[in-house]
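The exercises that follow ask you to read a structure closely, one topic at a time. Each task is followed by a solution that goes step by step.

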Amino acid sequence: MKTFLPFIWVNCRHSLKNPVLWIALLVCTAIIFAMLADILTGPFPMVDEALYTEWAQSLQENAPPPRIRSLMMEYMIRSSDWDTYVSRIRDYCRFCEINFQIPGEAAFNHIIENRLSFADDNWDTVTKYLYSLAEQTVPAERLAYFVPLQAETARNFGGSLHVGSYEEAMAQVQSYLSLSRYSEYVGRRIGDIGGLVLLFACFVLFSMTFSRESAPEMFELLHVKRISPAVFVWGKYLGSSLAVVFMGFLSMTILTGITAYHCIRQGMDWGILDLYKYYFAWVVPSMLMVGAIMTAFTMLCRTGIPLIPLLFFWVFAGTQSVTDGKGTTIAKQFFWNITVRISSFHDALFVPLEQSFYLSILPHKLFQAAVLFFCMTIAVLLYEQQKIK
Amino acid sequence: MLRFQWKILFSSWPKTAIALGSALCIPFLFRGDTVFRALYQMDLYLTIPAAVLMAELFHLEYAHRTAEILYCTRRRKSVLFLQRFVTAYVLLLAVSVLVFLEYSLLYEGIRWDENRNAGYILQGFAGIAGTLFFFGALSVTVTDLTKNYFMGIGAALALFLLFYYLPAFRNTPLISLFTLHQTTGWPLCKLFYTALGLLLLWINDLCIQKSPVK
């Protein structure tokens, strides 16, 4: 411990001197601010009626929306179970009509009149009925690609939200604000999308951690050091991690200041720790896991650079719907995603989240911790092997 | 001489293999059940392996301190850099063809797509070539200007994120890069960025001619 802690501190200071870190801070903060500009500088959340009407009209006409385009979900009113069911069936019947030439309108009317599958989440009855219609209209080889309606894919058809009147929308917003502070909402948005931006910066920053030590002339020099391989690898990793986490912390501080100013201007309640708690609980574990993966890979290939494309793809793919070869959406989030987005679990981030939501994320965070320790163990072993050679 | 450059360029074959191999993962991660969608995903995501692969084309010389010793004539430096750039670029285009073949095999919908004709696909590949050229040129130019390939890769990736996330970059005509077959002006946009790429390579050429290297 006598050498370990000072070694971490030395590496942290070394990483902080790197200009790439500070450029990444500026770029990430600018991108996050630009993406959240509407909610941090605009009239959100209590807009005037003219702006709301313009937004609602643009939505219905599929026209380019006004300034508050990114806030759609926050103003949408949750539909009743029956309206959600009707919307879903209408959309699914239209899909089957286009792809399998079934009589969409007649099928829709039959399903609605008989309330097929309305009482349960299992859509088997609806699927069997439409499949029987498709059997009469398309050849067998096309029928093999029939897309069944299932519990996990049903949300891709229709919607459970609708555009309400101005009074309805503002009453909903007011009720949310009475349950949760506005800065909490901003923190959640940052945890949702800002975390991705910071993660991208981590890919490049962590790939630099061992870049100089991997060079042959440096490696020979390191043999004279008396610190153990584990202390060296963990010390370098933790030093870089501290610097990168500090970079994100500074970014959160800037955004907290902007949020506080916006809340005070609008007369809303705000909390100083609201952005930080989402950053440390949501984003930092992912950053540390990425650092560990990069460290292990650098020990294997002397550089972490080639892993950057794969990490990028891993993050992007994890935020999109995954499909099989038929184009059926399988699931929005897999357990082994590099990070989970809050928006994948809730349509509208303005909805106050229950405690059970955070408990459901705990296994993913434990998984990230397991990956971290596994990768660091591999890295130490590889470093020892290289030292022996 | 080209074989010699090939050996220098790919002296660390696991590194190159992983960077290019990541491109082959694109069809498994990003849906492309139509020709348009497959070409769009390729146009978007192949830029990342391009930025990573192209960054250290000349940085190898700075890292090993041979930039001013081995290739001491101006013409020689330019020619050798061009050989490496063209080699890496052709390799990326070959990988992009493989990626499209993967999409064709993985997604049945492509076989029935009305856009499955040579003209449409070749136009798409021409657009992808323009995007790869621009991002490769940007990555290598920033690397050589700053003598730091993390800066080169970081600059290319930062620009990619701006194009990906910010509406101002996505929706503005001529600036929005990833608009393959989506707008009427997309060929003009690709030509614009190809011209920018040529300008960047010219700046890079001026940079690598500077001697001595500090």
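How many salt bridges does a search of the whole structure find over all chains? The search finds six salt bridges, where a salt bridge is a side-chain nitrogen of Lys or Arg within 4 Å of a carboxyl oxygen of Asp or Glu. This is a predicted model, in which local features need pLDDT of at least 70 and side-chain atom pairs count only at pLDDT 80 or more, while totals for chains, interfaces and linings use all residues. Residues are numbered from 1 along each chain as its sequence is written, chains are lettered from A and ligands numbered from 1 in the order in which they are written, and side-chain values use heavy atoms, with hydrogens and water left out.

**Exercise 1. Describe the salt bridge between A:Asp91 and A:Arg94 and its setting.**

Step 1. The closest N and O atoms of A:Asp91 and A:Arg94 are 3.7 Å apart.

Step 2. Both residues belong to helix 6 (residues 81–100) of chain A, and because they are three residues apart there, about one helical turn separates them. Helices (H or I, at least four residues) and strands (E, at least two) are DSSP runs, numbered from the N terminus.

Step 3. A:Asp91 is partly exposed, with a relative accessible area of 27%, and A:Arg94 is also partly exposed, at 43%. Buried means under 20% relative accessible area, exposed over 50%, and partly exposed in between (1.4 Å probe, protein chains only).

**Exercise 2. Work out which parts of chain B the salt bridge of B:Asp43 and B:Lys190 ties together.**

Step 1. The side chains of B:Asp43 and B:Lys190 meet at 2.9 Å, N to O.

Step 2. B:Asp43 lies in helix 4 (residues 35–45) and B:Lys190 in helix 11 (residues 186–209) of chain B, so the pair ties together parts that are 147 residues apart in sequence.

Step 3. B:Asp43 is buried, with a relative accessible area of 1%, and B:Lys190 is buried as well, at 4%.

Step 4. For another salt bridge in chain B, take B:Asp33 and B:Arg31, whose side chains meet at 3.1 Å, N to O; here B:Asp33 is buried at 17%, whereas B:Arg31 is partly exposed at 31%.

**Exercise 3. Locate A:Leu130 and list what it touches.**

Step 1. A:Leu130 is found in helix 8 (residues 124–135) of chain A, and its relative accessible area of 0% makes it buried.

Step 2. Leaving out residues up to four places away in sequence, A:Leu130 touches A:Tyr92, A:Cys93, A:Cys96, A:Ile102, A:Ala107, A:Ile111 and A:Phe146, contact meaning heavy atoms within 4.5 Å.

Step 3. For A:Ile111, which is 19 residues from A:Leu130 along the chain, the C-alpha separation is 9.4 Å.

**Exercise 4. Identify the members of the largest nonpolar core that touch the most other members.**

Step 1. A nonpolar core is a set of buried Ala, Val, Leu, Ile, Met, Phe, Trp, Tyr and Cys residues joined through side-chain atoms within 4.5 Å.

Step 2. The largest such core has 158 residues, and those touching the most other members are A:Phe203, A:Ile308, A:Phe316 and B:Phe160.

Step 3. Beyond its neighbours within four places in sequence, A:Phe316 is in contact with residues including A:Phe200, B:Phe30, B:Tyr45 and B:Phe160.

Step 4. A second, separate core has 25 residues, among them A:Val86, A:Ile112, A:Leu116 and A:Val138.
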